[in-house]
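The following exercises are meant to be worked through with the sequence and the structure in view. Each task is followed by a solution in steps.

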Amino acid sequence: MFTVSLIICHHTKSTHFNILRTITSSAKMNIEFEMKKFNDKRQFTKALDLYDKYKHQSIITDRILVHALNACGQLGYVERGEIIHKKLSNDSLNNIYIQTSLIQFYMRCGRVNDAQCIFNESTSKTMVHYGSLMKGFKMNGMPEKAIDLFSKVTNPNEILLCLLFSSCAQVQTKKALEFGRKVWFQMPLINRKNKHILVATFDMFIKCGDISNAEKLFDMLEHVVIDYGQMMKCYNDHRLPMRTIDLYKKMKKEGIQPDKIIFVLLIDACAQIGIESRCRTIVKQIPSSMFNDLQFQTALIHMWGKVGFVKEAEQIFKQIDQPDPVAYTAMINSYGLNGLGYKAIELYYRMPVEMIVEKTHVCVLNACSHSGLVDEARFIFSTISMKNKWVYTAMVDCLSRLSLFDEAKELIEEFERHQSPCLPMYMSLLSGVRNQKDVSLARQITQRIQKLFHAMDKDLISASVLLTNVLAASGNLDEASQMRWNLSRSGAKKQMGLSWTEINDKLVQFRAQDRSHPRTKEIYEELDRIESELIEHGHKFDSSWITRPMMPDETVASILNSHSERLALAYNFIQRPIPSRIQIVQNLRICGDCHNAIKLISQIRNCQIIVRDANRIHHFADGKCSCNDHF
Ligand SMILES: [Zn+2]
Ligand SMILES: [Zn+2]
C-alpha cells in the first residue's frame, strides 16, 4: 500500500531530501488515516497489522500510536499495548493524547491502577483525562470512584456531567442520587437544556427511583417511544400501574405510535392492577400482529393468571407452537396462583426437562403449597438437584401452611448447614404458626429472627406483628396489647392495607377505616346490613386478626368490618345493578376474618367474588373459596 522506498529510488540525490520529507509526511498521514478508518469500522486487527508493518520505521507518529493503543485496548491485547507504552519517548509520554489513550487502553484491559498512575503523573490534566478515568471506573464496575473523581473537577463539561449522571444511575444509592440531584439543580441553565445531559439525568432519576424528578425531566424531553417506555417501566417497578396507563393515554394524544415494548409494559401494568375489565380494554387496543409474538404471549399469560382468568391464560398458552421456559413457567404460575395445583404439576411434568429453570421449581412448589399438595411437593423437592434459597423457601412455606412445623424447621436447619440464614423462610414458618395460634413456637421463631436479622427493621416489624397476632389469638391479650403499644410507640410503620375495585371503568381505592369516598355513608350502611346478615348466618368475628390497639369507641366487629377489602366489597353492593362478578385486589394478605366473612357473603348474596391478595387469588362462590382455606 505504501511504497515509500520504491518511489525514493527513482529520484536523484539532490532532490532526495525534500521529496523524502514530502512523501514520508504523506505516508504518515496515510497510515494515520487508514488506521483510524479501520478502528472506526471496528476492524482493530487490521489497524494493528498496519501498525506492525511500519512500527520499525521512523514514520510512526503520536497519532499512529494513539490508534494502535486504541486497537490494543479494544482487543484486550494487554502485552502489545504495554510494549508500545514502554517504547514511548518522553515527548510522547507528555503528549496529552497519548496520556489519555494510555488511560483508556489500561482501563479497557481492566488495569485500573496503571490507568490511575498515568492520570496521577500527568502534569497538565484536561477534561479528557478526567473523562477517560471516569469512564474507565464505570467500565470496571467502580462508579463510586467516578463520582468521587467528578467532585474534584471545577466547571465540568457536558461529557463529564453525562458520565457523572450515568455513574449515579449505576450506583443507585440514596447518597449517589442526592449528589446527582444536587449537581443537576446547581448546574447552569444552559447545561440543563442540553439534550445529552437531560437524557442522562432522566435515566439517573429513573434508575434511582426518584419518580417526581423523573416526571419533571420527562416533560422537558422531546418525547420518543423509548422515553415513554423508560417512564412506564419506572412506574411499573414502583407499583404505580395507573400512572403507566395514564402515560399511555398521553402518548396516544401526542400521536406517538406505541411499539411492542410499550404494550408489554401496559400488559404488566394491567397485571398489577388485576381488574378484568381494565385488562380487556387494553387488550382490545393491541394490534393483532403482536399476538403471535412469544414475549407478548407470555406477558398475557402472566396477566390473565394474576387477574384470576386462567382460561384466558390457557388459551394463549395453547396457541404457542414452541413455548420457551418463561412461557411454561408463567403458565405453571398462573395455575398455582389460582389454586389449580394439579394442573400446575401436570404441566411441570410435561415440560421438557432441559427447559426447567430455577423459577419453574419455585412456581410448581408454590402451586403445591397453595393447594395443600404436600406429598407432591416433597417428591418434586427431592428430585431437584440444585436447590437454592428460593426453592427451600417455597418448600418451607408449603410445609408451614399445613402445620408441619418440625419438618419445616429441619429443612431450615439443613439449608443453614451450608448457607447463611434466609429471612423469608422464617417468615413463612411464622405465618404458618400464626394460623395455628402456637404461642411458644411463635415466640421461639421471633426470638431467632431478632437474633439472626437484627439489621432488617421492616421485616422485624412484620415478625413482631405476627407474634402479636398469635398472642392475641391464643388469649394472651395483655401481652398482645402491650406489644401493640410498643410497636406503635416505636414509630414502626406497618404497610398500609389497600384494596381497589373497578366500577364503570373507574378504579376506586380504599384503605382500612376509609371515610374519604363521597358515598361513604351508603358504604357503611351497607356494611351494617352485611354485618347483620353475617351474624344471622353464624359468623363469629375473630379478634385475633386485629393488629393494632383498639380505640374506646371501637368494637371487634367495627374494626374488622372496615378492613379495606370489606369497604371495596360494600361499594360494589351499593351499585345498581350489582355487578354479577365482583373483583377486588389488595396489597396485603387477606385476614382470616375477611376470608371467612367473604365466603359467607358469596353464599348469602349469591354472587361470585374474586379477591387477589399479596399471595394468591381467591375465587369465592357458594360459601367456599378455591384456596380451600390454604391462604
Ligand atoms: Zn380483614
Ligand atoms: Zn381463599
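## Exercise 1: The metal site

The zinc ion (ligand 1) is held by His563 through ND1, Cys591 through SG and Cys594 through SG, at 2.0 to 2.3 Å. Donors are N, O and S atoms within 2.8 Å of the metal (3.2 Å for Na, K and Ca), and water is not among the atoms, so sites may look incomplete. This is a predicted model, in which local features need pLDDT of at least 70 and side-chain atom pairs count only at pLDDT 80 or more, while totals for chains, interfaces and linings use all residues. Residues are numbered from 1 along each chain as its sequence is written, chains are lettered from A and ligands numbered from 1 in the order in which they are written, and side-chain values use heavy atoms, with hydrogens and water left out.

Task. State how the donor residues of the zinc ion (ligand 1) are spaced in sequence, and determine whether histidine 563 and cysteine 591 are buried or exposed.

Solution. 
- Step 1. The spacing of the donor residues is H-x27-C-x2-C.
- Step 2. Histidine 563 lies in the loop between α33 (556–561) and α34 (564–573), and cysteine 591 in the loop between β3 (581–586) and α35 (592–604); 28 residues apart, the pair links distant parts of the chain. Helices (H or I, at least four residues) and strands (E, at least two) are DSSP runs, numbered from the N terminus.
- Step 3. Histidine 563 and cysteine 591 are both buried. Buried means under 20% relative accessible area, exposed over 50%, and partly exposed in between (1.4 Å probe, protein chains only).

## Exercise 2: Helix pairs

Task. Describe how α19 packs with α20, α27 with α28, and α9 with α10.

Solution. 
- Step 1. Between helix α19 (residues 276–284) and helix α20 (residues 294–307) the angle is about 160°, and the axes are 10 Å apart. α19 is therefore roughly antiparallel to α20. Axes are lines fitted to C-alpha atoms, for helices over the stretch in contact, and angles run from 0 to 180 degrees between N-to-C directions. Angles under 35 degrees count as roughly parallel, over 145 as roughly antiparallel, 65 to 115 as roughly perpendicular and the rest as oblique.
- Step 2. On the α19 side the contact consists of Glu276, Cys279, Arg280 and Val283, and on the α20 side of Leu300, Met303, Trp304 and Val307. Contact means heavy atoms within 4.5 Å. Six of these residues are nonpolar, none is polar and two are charged. In this classification, Ala, Val, Leu, Ile, Met, Phe, Trp, Tyr, Cys and Pro count as nonpolar, Asp, Glu, Lys and Arg as charged, and the others, Gly among them, as polar.
- Step 3. Helix α27 (residues 405–416) and helix α28 (residues 423–436) have axes 11 Å apart at an angle of about 170°, and are therefore roughly antiparallel to each other. Phe405, Ala408, Lys409, Ile412, Phe415 and Glu416 of α27 meet Met425, Tyr426, Leu429, Gly432, Val433 and Gln436 of α28. This contact has eight nonpolar, two polar and two charged residues.
- Step 4. The axes of helix α9 (residues 127–139) and α10 cross at roughly 155° and come within 7 Å, which makes α9 roughly antiparallel to α10. Tyr130, Leu133, Met134 and Phe137 of α9 contact Pro143, Lys145, Ala146, Leu149 and Phe150 of α10. Eight residues of this contact are nonpolar, none is polar and one is charged.

## Exercise 3: Backbone geometry

Task. Identify the geometry of the peptide bond from arginine 576 to proline 577, and state the phi of asparagine 606 and of asparagine 628.

Solution. 
- Step 1. Most residues other than glycine have a negative phi, and most peptide bonds are trans.
- Step 2. The bond from arginine 576 to proline 577 is cis, with omega near -5°; proline 577 is in the loop between α34 and β3.
- Step 3. Asparagine 606, although not a glycine, has a positive phi of about 50°. Asparagine 606 lies in the loop between α35 and β4 (608–612) and counts as exposed at 63% relative accessibility.
- Step 4. Asparagine 628 is not a glycine but has a positive phi of about 50°. Asparagine 628 is placed in the segment after β6 (624–625) and, at 58% relative accessibility, counts as exposed.
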